[in-house]
Amino acid sequence: MDYAADVDLHDWSNWDAFQAGREQGRLVLLTTKGDVAHWDIDWRTDDYLIIGRESAGAPDFVHQAADQRVVIPMPGGGRSLNMAMSAGIVAAEAMRPGR
């Protein structure tokens, strides 16, 4: 990957290690149970975008820890999109120039 030097990648062994080792920043959970559309929040450069498992979503303790819960609105009654597709959509919105 020619962009690997530009990525600040961390790997935590579990939720407690993440909570103890992460920098300050808001926890933004992408969930079908979100309170606000992903395009309607004020994204910050220190936000952590959290995405649960495709099969079961995020556990309750992650929902409780989240500062903001966002959803991708699904017109026409669809429940959700593939997790990787959803992550890309929301990450692109969060980093969109001019926000």
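Ala37 sits opposite Val71 of β4 in this predicted model, one point in the parallel pairing of strand β2 (residues 36-37) with β4, which runs over two bridges. Strands here, like helices, are DSSP runs numbered from the N terminus (E, at least two residues, for strands; H or I, at least four, for helices), and two strands count as paired if DSSP finds at least two bridges between them. On the β1 side, three bridges tie β1 to β4 (residues 68-71), again in parallel. Val28 faces Gln68 of β4 there, and Leu29 stands opposite Arg69 of β4. Put together, four strands make an open sheet, ordered β2-β4-β1-β3, with parallel pairing. That leaves β2 and β3 as the edge strands, each pairing on one side only. Helix α3 lies across β1 and β3 and runs at about 160° to β3; contact means heavy atoms within 4.5 Å, and the angle, on a scale from 0 to 180 degrees, is taken between N-to-C directions of axes fitted to C-alpha atoms, for helices over the stretch in contact.

Confidence is highest in β1 (residues 27-30), at 97, and lowest in α3 (residues 83-94), at a mean of 93. Since the model is predicted, local features need pLDDT of at least 70 and side-chain atom pairs count only at pLDDT 80 or more, while totals for chains, interfaces and linings use all residues. Residues are numbered from 1 along each chain as its sequence is written, and side-chain values use heavy atoms, leaving out hydrogens and water.

Now for the pockets. A pocket is an open set of points on a 1 Å grid over the protein atoms alone, reached by a 1.4 Å probe, with protein on both sides within 12 Å along at least five of seven lines; lining residues have an atom within 4 Å of a point. Points join across faces, edges and corners, and the volume is the space filled by probe spheres set on them. The largest pocket holds about 430 Å³. Its lining has 22 residues, with Leu30, Thr31, Thr32, Gly57 and Ser80 nearest the centre. β1 and α3 are the elements that give two or more residues to this lining.

The second largest pocket comes to about 280 Å³. Its lining includes Trp43, Arg44, Tyr48 and Met95, and β3 (48-51) and α3 are the elements giving two or more residues.

Notes:
pLDDT = per-residue confidence, 0-100.
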